[in-house]
2 protein chains.
Amino acid sequence: MINYPNGKNNFTQKINYSNRGMQLENDINIANKYYLNNDIAIIHKKPIPIQIVEVDYPNRKSAMIKKAFYQTPSTTDYNGIFNGKYIDFEAKETTSLTSFSLNNIHEHQIEHMNKVYLHGGITFIVVRFKKLDKTFIMPFKKFIIYYERAKNGGRKSIKIEEFEKNSFEIFFNYRIRVDYITLIKKYESEFLYEEMER
Amino acid sequence: MINYPNGKNNFTQKINYSNRGMQLENDINIANKYYLNNDIAIIHKKPIPIQIVEVDYPNRKSAMIKKAFYQTPSTTDYNGIFNGKYIDFEAKETTSLTSFSLNNIHEHQIEHMNKVYLHGGITFIVVRFKKLDKTFIMPFKKFIIYYERAKNGGRKSIKIEEFEKNSFEIFFNYRIRVDYITLIKKYESEFLYEEMER
């Protein structure tokens with residue numbers, strides 16, 4: 001983890017991950033490390049997609065990227081394998097006390113999850129309501145109902161009551177704060193595609 | 001695809017992907033796009049892992065990375081789902097006419113593939129002998145035999161004859177040059193872990 005002091009001017013910023021507020025990301029990384037070390041699941045966060053424009057080669061061994069841009073991710077942040085099954089999910093935090101805006105998930109990420117779902121993968125979103133200290137995992141097949149509601153002119157967000165009804169709350173345990181695999185193991189069929197449904 | 005002219009000095013290089021010689025990568029990307037568009041499989045190349053040190057924010061909408069470094073990948077380059085199963089592989093080209101050096105695959109990538117294999121995923125390496133215009137997919141369970149031979153003091157490479165014996169050659173078809181999924185479909189059991197073997 002890098003921890004640089006602040007930049008010298010207002011426009012350049014050294015990256016300080018501890019200030020980015022991605023506590024959820026950090027918790028999931030810890031969970032994934034735990035699953036890996038205990039041979040439970042193999043799930044990794046994908047690197048951030050970056051378009052590299054210019055690279056400096058001071059010598060053969062090292063290279064410094066001097067110019068690059070963030071790209072919009074075309075898939076989700078996390079994927080891997082659990083119990084022989086393909087796992088794929090996206091994780092987001094919200095500061096709202098009442099609902100999760102659907103704008104937080106890109107349309108091509110939803111298309112990606114939909115494909116994974118139809119191909120028999122286990123796919124879901126992890127949402128943390130930071131100020132309430134509540135974290136939910138919502139199976140894609142529930143999430144898509146809210147997404148389609150929005151597309152048909154309904155509300156553009158999912159209410160916390162809807163999370164309470166149609167997702168699973170992750171309770172912290174003493175080892176890992178976001179033990180999502182335990183919930184998937186317990187409710188696997190709730191995540192899997194069933195021919196009859198669509 | 002970026003196609004910048006060459007940099008102004010010897011030390012800075014604008015990235016020109018067409019010069020990188022990763023024709024295999026390009027062929028696999030085309031195959032993956034074909035599989036995606038035809039609803040056959042969902043397989044993506046992971047972004048290159050990069051450690052970002054400094055970012056410039058000229059305005060709220062855009063950000064330019066000014067300083068970053070390449071990181072060693074801890075997993076393989078490609079993963080996804082086919083036929084409900086988790087797929088995970090690494091692809092490499094060699095200019096050798098006779099063998100593929102095991103130095104091309106990082107040790108932690110091998111550890112990663114081994115875990116995936118034991119968890120019931122389909123994992124393999126794709127190797128192209130550029131000068132022979134031959135491309136093979138070798139199931140991890142064959143690859144590990146050669147890797148262990150090297151660790152036990154044996155040769156540090158896999159001979160082309162060994163590829164011919166213990167892997168599947170990918171023949172170009174008119175639509176896609178590297179149709180690896182067709183081979184996996186046909187020989188699926190050759191890729192899967194069997195309790196008895198180890």
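## The model and its conventions

This is a predicted model, in which local features need pLDDT of at least 70 and side-chain atom pairs count only at pLDDT 80 or more, while totals for chains, interfaces and linings use all residues. Residues are numbered from 1 along each chain as its sequence is written, and chains are lettered from A, with ligands numbered from 1, in the order in which they are written.

Chain A holds 6 helices and 11 strands; helices (H or I, at least four residues) and strands (E, at least two) are DSSP runs, numbered from the N terminus. Of the 198 residues in chain A, 31% are buried, where a residue is buried if 20 or more other C-beta atoms lie within 10 Å of its own, exposed if 12 or fewer, and partly exposed in between, with C-beta atoms placed from the backbone. Among contacts in chain A between residues at least 6 apart in sequence, 60% join residues at least 24 apart; two residues are in contact if their C-beta atoms, placed from the backbone, lie within 7 Å.

## How the two chains meet

On chain B, 39 residues are in contact with 39 residues of chain A. Several elements of chain B each supply at least two residues of the side that touches chain A, among them strand E1 (12-14), strand E6 (85-94) and helix H2 (107-118), but E4(B) gives the most, with 7 residues. Sorted by class, this side of chain B has 22 nonpolar, 9 polar and 8 charged residues; Ala, Val, Leu, Ile, Met, Phe, Trp, Tyr, Cys and Pro count as nonpolar, Asp, Glu, Lys and Arg as charged, and the others, Gly among them, as polar.

Strand E4 (residues 64-70) of chain A pairs with E4(B) in the antiparallel sense over 4 bridges, and two strands pair if DSSP finds at least two bridges between them. Within this pairing, Met64(A) has Phe69(B) as its bridge partner in E4(B). The same surface serves both copies, since 100% of the contact residues of chain B recur in chain A.

## Strands inside each chain

Strand E6 (residues 85-94) of chain A has 8 of its 10 residues buried, so it is largely enclosed by the rest of the structure. Strand E5 (residues 78-82) of chain A runs antiparallel to E6(A), joined by 5 bridges, and Asn79(A) stands opposite Asp88(A) in E6(A). The hairpin of E5(A) and E6(A) has 2 residues between the strands, and in it Asn83(A) takes a positive phi near 55°. E6(A) also pairs with strand E8 (residues 122-129) of chain A, here in the parallel sense over 8 bridges.

In chain B, 5 of the 6 residues of strand E9 (residues 134-139) are buried, so this strand is largely enclosed by the rest of the structure. Strand E8 (residues 122-129) of chain B and E9(B) run antiparallel and are joined by 6 bridges, with Phe124(B) opposite Pro139(B). Asp133(B), in the loop between E8 and E9 of chain B, has a positive phi near 55° although it is a residue other than glycine, and with 8 C-beta neighbours inside 10 Å it counts as exposed.

## A helix and the nonpolar cores

For helix H3 (residues 140-151) of chain A, 12 residues at 1.5 Å a residue should span 16 Å, and its end C-alpha atoms are 16 Å apart, which agrees; the expected span is 1.5 Å times one less than the number of residues. Buried residues of H3(A) include Phe140(A), Phe143(A) and Tyr147(A), and what covers the buried residues includes helix H2 (107-118) and helix H4 (160-166) of chain A.

The largest nonpolar core has 74 residues, and those with the most contacts inside it are Val126(A), Ile137(A), Val126(B) and Ile137(B); such a core is a set of buried Ala, Val, Leu, Ile, Met, Phe, Trp, Tyr and Cys residues joined through C-beta atoms within 7 Å. A second, separate core of 6 residues includes Ile52(A), Ile65(A), Ile52(B) and Ile65(B).
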